[in-house]
Amino acid sequence: MAGSRCEDKPLAQSSELHPDPYLDLCIGAVGDTIGHFTMRCFTPIRLPIVLFMMAGLFPSAFAAAAPQIDPVYGPLPVFELHSGFWINLHHRLYEAAREQRNTASPSAEKSGKTAKPTLQVSLGAKNALSAAEQRAWDDAVAYYVANYADKDLLFSLELVLLKNQLGDFETCEELSGAKKKTCDAGLPAKLTQILDAAGPVYRAHGWSADDRANRAWIKRAAPLVREQGVGLSHRLADIYQTRWPTERIRVDVSAVANYAGAYTTLDPLRVTIASTDARNQGAAALEVLFHEASHGIATPVEQAIARECRQRDKPIPRDLWHALIFYTTGEVIKPIMDTEDDAASDRALPNGSGGSDASPADSRSLEETQYTPYAIREGLYRRGWENYLEILTRYWQPYLEGRVTFDDAIAHMVSAL
Ligand SMILES: [Zn+2]
């Protein structure tokens, strides 16, 4: 397995589920086949210092909003789930800008595709955009093409700060502070103007469908978080030999997010999850939530792997820590989901009969009823992580079962590389 040399690298600033097909800069640099990034690929920066320096750019969010939670479930433990207007608009514009940039590229022109800046949401025939609305939307997309389409939502500090700021101002009707002083989000003037012009268009033509999708996702995920959230957070913190954050982790549920369908940024720890992404549905919602949150607490594992590597003068295996948190979340969630599934099957059968008493026609095969962890289902181990899966199954699994210590498991994994 190719990897970068053991070297001091800044901690990952943020992380995401999938390799980015557009960002292969690092992949080439380290010769790996799976494209998950860490900050080692970028100019090292000390994020807290940079954030401090940039603090003047964005005034603090006086307008910080209460989470939008389905009243049926009330406040949840562990996570704070939001469906915020500006974050959703931001990701919609970013998506439209990326699409336009891609269709305008020389290769796309060759293939006959042309750019068409349109509102990327379902619009009823009666609900067509007026000429002025179309202009405002197209201007916003053009601004995003010019300023953000070439930047990554996860690795651009500018985009991370912007995303966080838009989250904090989610209840504001506009961002200039013209109507309400506390709603001055302190964004660059042109961006404020662009968003304040595109906002009403999105509100009229796309937001209600997106908000509905977000709330439906939250409503489906909430019972699992309520039942299992605290237990899972303790278990994962124990595994990673750390503490779970005392504050609930903010999760911005957005109709669309990045190419991976979810990403996490640190300092502060915030998760963004796409509610309409097929990979994040059903039972997978809980795993995606905890996988993403694990990015905020798995630092001891990443450090232990690097330390062990240095001691043995071995290359630091690229992304082993990331494969490890995929593996761990999957293994921890699996028995819970299998139990949930059994309970659901039992509930579905008349008179509570089920399990071994059920006729073969009532019973699904073992394979069908067992939960498949995300990384297996999405084929991540087949894209360059085959070796990692073997090592994790052999040396990390015994640690999860309490048969070896954390340090021994890490040492064995690294020596097996
Ligand atoms: Zn991840």
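Predicted model: local features only at pLDDT ≥ 70, side-chain atom pairs only at ≥ 80, totals over all residues.
## Disulfide, zinc site and a helix pair

The torsion about the S-S bond of C172 and C183 is about -85°, so this disulfide (a pair of cysteine sulfur atoms within 2.5 Å) is left-handed. The two cysteines sit in distant parts of the chain, eleven residues apart, both in the loop between α6 (157–168) and α7 (189–205).

Residues are numbered from 1 along each chain as its sequence is written, and side-chain values use heavy atoms, with hydrogens and water left out. Helices (H or I, at least four residues) and strands (E, at least two) are DSSP runs, numbered from the N terminus.

On to the zinc ion. Its protein donors are H291, H295 and H322, each through NE2, at 2.0 to 2.1 Å. Donors here are N, O and S atoms within 2.8 Å of the metal (3.2 Å for Na, K and Ca); water is not among the atoms, so sites may look incomplete. Along the chain the donors follow the spacing H-x3-H-x26-H. H291 belongs to helix α9 (residues 284–294) and H322 to helix α11 (residues 320–348), so this pair links distant parts of the chain, 31 residues apart.

| Residue | Relative accessible area | Class |
|---|---|---|
| C172 | 2% | buried |
| C183 | 4% | buried |
| H291 | 1% | buried |
| H322 | 0% | buried |
| C309 | 0% | buried |

Helix α10 (residues 299–311) packs on helix α15 (residues 406–416) at an angle of about 55°, their axes 9 Å apart. Axes are lines fitted to C-alpha atoms, for helices over the stretch in contact, and angles run from 0 to 180 degrees between N-to-C directions. That makes α10 oblique to α15, given that under 35 degrees counts as roughly parallel, over 145 as roughly antiparallel, 65 to 115 as roughly perpendicular and the rest as oblique. Contact (heavy atoms within 4.5 Å) is made by P300, V301, A304, I305, E308 and C309 of α10 with F406, I410, A411 and V414 of α15.

How values were computed: Buried < 20%, exposed > 50% of the residue type's maximum accessible area, 1.4 Å probe, protein only.
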